[in-house]
Amino acid sequence: MGALVAVDIAIIIQPGVDFPWGILAGTARETGRGAMNVSRRAALSAMIAVASARGQTIATDEEWSTFIAWVRNSPPGMFSNQSEVFPGYQKKLIADGLGSTDAAALAARLQERSVDNPKWTAENFDRVYRQAADRFVKPDASLVEMIRLLRPGNALDIGMGQGRNAIFLAQQGWDVTGIDLSELGVIEARERARRLGARIDARVQDVFRFDLGEKQWDLICLMYFIIPASQPGLYQRIATAVRPGGRVIVEGTGIPPLQTLLAEVDKWLQTKLHVIKLDYREVQGGWGRSTDVPGPHLILQRPV
Ligand SMILES: C[S@@+](CC[C@H](N)C(=O)[O-])C[C@H]1O[C@@H](n2cnc3c(N)ncnc32)[C@H](O)[C@@H]1O
């Protein structure tokens with residue numbers, strides 16, 4: 001069982017500053033209204049009629065692939081918040097002439113299919129990175145701060161996105177592996193690392209299928225990668241994969257920031273790791289923001 005070794009607890013309150021999730025917020029803009037031709041509308045209605053007749057609660061392959069094609073073709077900046085994608089699609093269906101009940105039912109079936117679906121995660125983050133090429137380049141301030149105290153070793157960046165933290169670690173002499181479901185994120189991370197002359201091993205990988213190993217990593221980064229409630233086993237797998245004396249850094253655990261950070265402490269306390277730093281402050285965090293102020297984060301360590 002882990003322990004709260006409270007060597008460093010910083011609670012810095014700066015009221016009135018929003019948490020950074022604005023990066024994911026945005027206003028859904030409509031695509032061209034009413035542009036669907038009669039045969040496509042008829043085909044869509046037929047598809048929905050079949051799904052409804054079968055009492056399906058989850059989108060069919062055909063419904064899903066039509067939706068994904070639309071996501072891929074959505075213009076940059078159309079959505080920056082994934083929670084707006086499904087209502088946005090629903091609006092588009094209605095604008096295209098579908099009845100509002102059918103459109104709502106289809107959007108609900110699609111959303112159901114997206115839950116805990118790695119293919120959707122990959123699509124969704126491809127969408128984010130397509131719209132935000134090179135936006136996420138500055139390393140996280142909490143990582144920068146922590147790294148100053150450490151001798152370089154090997155690091156695993158889980159859900160590394162476009163590789164801002166992996167590249168920074170490599171530049172500091174770390175031997176870095178970064179994994180992400182988003183192919184576009186990984187391509188951009190490799191490209192940027194190459195441009196900067198940094199060496200990273202960047203792989204398109206689902207962490208839930210990736211062999212993390214045992215006592216293998218000096219550092220594991222979970223930066224704005226939220227462990228889903230459906231995957232509680234990942235905490236222990238990560239704890240097992242860290243070398244004795246090695247660390248895990250966790251930032252961006254969700255909203256509301258304080259409660260989700262504290263809930264995260266609870267989860268880690270079930271593992272072998274000790275919480276050596278709990279840093280909570282109501283400031284803008286790092287994802288997509290150029291800030292030198294660390295966001296709320298945890299640092300854990302495996303006892304030697
Ligand atoms: C909010 S982004 C954070 C990216 C990066 N850590 C950063 O701070 O810039 C979360 C990333 O986790 C990735 N991700 C989500 N689920 C994943 C999984 N099961 N395996 C690997 N990567 C995953 C997403 O594709 C996305 O790039």
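**Group meeting: a walk through a predicted model**

What we have is a predicted model, where local features need pLDDT of at least 70 and side-chain atom pairs count only at pLDDT 80 or more, while totals for chains, interfaces and linings use all residues. Residues are numbered from 1 along each chain as its sequence is written.

Back to D116. Its phi is positive, about 50 degrees, although D116 is not a glycine. Most residues other than glycine have a negative phi, and most peptide bonds are trans. D116 sits in the loop between α4 and α5 (118-131); helices here are DSSP runs of H or I with at least four residues, strands are runs of E with at least two, and both are numbered from the N terminus.

K215 also has a positive phi without being a glycine, near 45 degrees. You will find K215 in the loop between β4 (200-204) and β5 (217-223). K215 counts as exposed, with 12 C-beta neighbours inside 10 Å.

And which peptide bond is cis? The one from I255 to P256, with omega near 0 degrees. P256 is in the loop between β6 (242-251) and α10 (257-269).

Now for the helices. α3 (residues 85-95) packs with α4 (residues 100-114) at an angle of about 150 degrees, and their axes are 9 Å apart. Axes are lines fitted to C-alpha atoms, for helices over the stretch in contact, and angles between N-to-C directions run from 0 to 180 degrees. That makes α3 roughly antiparallel to α4 (over 145 degrees; under 35 is roughly parallel, 65 to 115 roughly perpendicular, the rest oblique). Residues in contact have C-beta atoms, placed from the backbone, within 7 Å. On the α3 side the contact includes F86, Y89 and L93, and on the α4 side it includes A103, A107 and L110.

Next, the strands. β2 (residues 154-158) and β3 pair in the parallel sense over five bridges (a pair needs at least two DSSP bridges). I158 stands opposite I179 in β3. Five of the six residues of β3 (residues 175-180) are buried, so this strand is largely enclosed by the rest of the structure.

To zoom out, the protein has 10 helices and eight strands, and buried residues make up 39% of its 304 residues.

Note on methods: Contact = placed C-beta atoms within 7 Å. Buried ≥ 20, exposed ≤ 12 C-beta atoms within 10 Å, placed from the backbone.
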